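Trainee: I have a new protein open and I'd like to talk it through. Can we start with the charged pairs?

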Amino acid sequence: QVQLVEFGGGLVQAGGSLRLSCAASGKIFRINIMGWYRQAPGKQRELLAVISSGGSTNYADSVKGRFTISRDNAKNTVYLQMNSLKPEDTAVYYCNADIMTDNRVSTNYWGQGTQVTVSS
């Protein structure tokens with residue numbers, strides 16, 4: 001069984017920063033693409049950033065230049081550094097990963113979500 005557990009959400013003032021972490025655990029053989037999404041009330045889940053196992057990254061226009069995704073393959077962990085936060089960044093943030101387990105089966109997994117609230 002594989003789990004993704006997120007840390008680091010909270011309340012921050014506009015212009016502030018937060019760093020989210022997401023650690024994968026279980027019988028993991030390899031983690032491929034990892035990413036961060038968010039979902040605000042009444043809106044669809046939005047892809048923010050992805051990172052390959054080799055470190056290549058892509059960002060949504062809404063966060064480009066403000067958010068940075070990174071990963072530590074040795075720790076099976078992905079991070080999202082969020083700077084210059086705006087009230088419109090308020091949402092539940094989810095990590096996502098394509099993980100191959102020891103039985104060589106690949107599955108897409110989601111974290112439980114962590115609330116980020118940006119006050120004006």
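Mentor: Definition first. A salt bridge is a side-chain nitrogen of Lys or Arg within 4 Å of a carboxyl oxygen of Asp or Glu. One caution: this is a predicted model, where local features need pLDDT of at least 70, side-chain atom pairs count only at pLDDT 80 or more, and totals for chains, interfaces and linings use all residues. Residues are numbered from 1 along each chain as its sequence is written, and side-chain values use heavy atoms, with hydrogens and water left out.

Trainee: Got it. How many salt bridges are there by this rule?

Mentor: The count comes to four. R38, E46, R66 and D89 are linked in a network of them.

Trainee: Why would such side chains pair at all?

Mentor: Side chains of opposite charge can pair when their charged atoms come close.

Trainee: OK, take R38 and E46. What is their N to O distance?

Mentor: It is 2.9 Å for the side chains of R38 and E46.

Trainee: And is R38 buried or exposed?

Mentor: R38 is buried, with a relative accessible area of 7%. Buried means under 20% relative accessible area, exposed over 50%, and partly exposed in between (1.4 Å probe, protein chains only). E46 is partly exposed at 27%.

Trainee: What about D89 and R66?

Mentor: Their side chains also meet in a salt bridge, 2.7 Å from N to O. D89 sits in the loop between strand 8 and strand 9, and R66 in the loop between strand 6 (57-59) and strand 7, so the pair ties together parts that are 23 residues apart in sequence. D89 is buried, at 1% relative accessibility. R66 is buried too, with 12%.

Trainee: Which residue does D61 pair with?

Mentor: D61 forms a salt bridge with K64. The closest N and O atoms are 3.3 Å apart. Both D61 and K64 are exposed.

Trainee: You keep saying strand. How many strands and helices does the protein have?

Mentor: It has eleven strands and zero helices. Both are DSSP runs numbered from the N terminus: helices are H or I with at least four residues, strands are E with at least two.

Trainee: How compact is the whole thing?

Mentor: The radius of gyration is 14 Å, close to the 14 Å that the globule rule gives for 120 residues, so the protein is as compact as a globular protein of that length. That radius is taken over C-alpha atoms, and the globule rule is 2.2 Å times the number of residues to the power 0.38. Along its principal axes, the C-alpha trace spans about 50 × 25 × 25 Å. Of the 120 residues, 41% count as buried.

Trainee: Switching topic. How many disulfides turn up in a search of the whole structure?

Mentor: One. The rule asks for a pair of cysteine sulfur atoms within 2.5 Å. C22 and C95 form the disulfide, with sulfur atoms 1.9 Å apart. C22 lies in strand 3 and C95 in strand 9 (residues 91-101), so the pair ties together parts that are 73 residues apart in sequence. Both cysteines, C22 and C95, are buried.

Trainee: Now the core. Which residues touch the most other members of the largest nonpolar core?

Mentor: L80, M82, Y93 and I99, out of 31 residues. A nonpolar core is a set of buried Ala, Val, Leu, Ile, Met, Phe, Trp, Tyr and Cys residues joined through side-chain atoms within 4.5 Å.

Trainee: Which strand gives the largest share of this core?

Mentor: Strand 9, with five residues.

Trainee: And what does M82 touch?

Mentor: Not counting residues up to four places away in sequence, M82 touches G16, S17, L18, L20, R66, F67, Y93 and V116.

Notes: Contact means heavy atoms within 4.5 Å.
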